[in-house]
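Here are my notes on the model, as numbered points. Please read them with the structure open.

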Amino acid sequence: MKASELDKIFDDNQDDILEHFDTSKIKMINEEPKRVNIDFPVWMVQSLDKEAKHVGVSRQAVIKMWLAEKLQSLNTTAAAI
């Protein structure tokens with residue numbers, strides 16, 4: 001298919017253009033897991049476990065969620081400056 005044909009399909013909203021691509025080998029950039037070890041005080045682990053139980057997810061999920069939220073807020077703040 002020519003690019004001009006794909007552009008027309010997209011512009012005319014005729015079809016889902018992803019059907020025209022091989023998405024089986026798509027890789028997300030910077031999404032590969034990287035293992036890190038962090039030592040927390042006992043009180044912090046207990047608090048994390050309490051929150052994880054409350055939310056219904058693992059301790060690791062709570063840590064990832066909170067770190068992602070904090071990093072996103074820092075990036076938003078930095079972009080606004």
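1. Which elements of the protein chain have the lowest and the highest mean pLDDT? This is a predicted model. Helix 1 (residues 3–11) has the lowest mean pLDDT among the elements, at 84. Helix 2 has the highest, at 97.

2. Now the chain as a whole. Its mean pLDDT is 87. Of its residues, 96% reach 70 or more. Where pLDDT is low, the predicted coordinates should not be read in detail.

3. Next, the salt bridges. The structure holds 2 of them. One pairs K8 with D12, and the closest N and O atoms are 2.5 Å apart. D12 is partly exposed, at 37% relative accessibility.

4. The other salt bridge joins D49 to R59. Here the closest N and O atoms lie 2.6 Å apart. D49 belongs to helix 2 (residues 42–55) and R59 to helix 3 (residues 59–80), so the pair ties together parts that are 10 residues apart in sequence.

5. Check what comes after helix 2. G56 follows the helix. The phi of G56 is positive, near 85 degrees.

Methods. Residues numbered from 1 in each chain as written. Predicted model: local features only at pLDDT ≥ 70, side-chain atom pairs only at ≥ 80, totals over all residues. Heavy atoms only, no water. Salt bridge = Lys/Arg side-chain N within 4 Å of Asp/Glu carboxyl O. Buried < 20%, exposed > 50% of the residue type's maximum accessible area, 1.4 Å probe, protein only. Helix = DSSP H or I, 4+ residues; strand = E, 2+ residues; numbered from the N terminus. pLDDT = per-residue confidence, 0-100.
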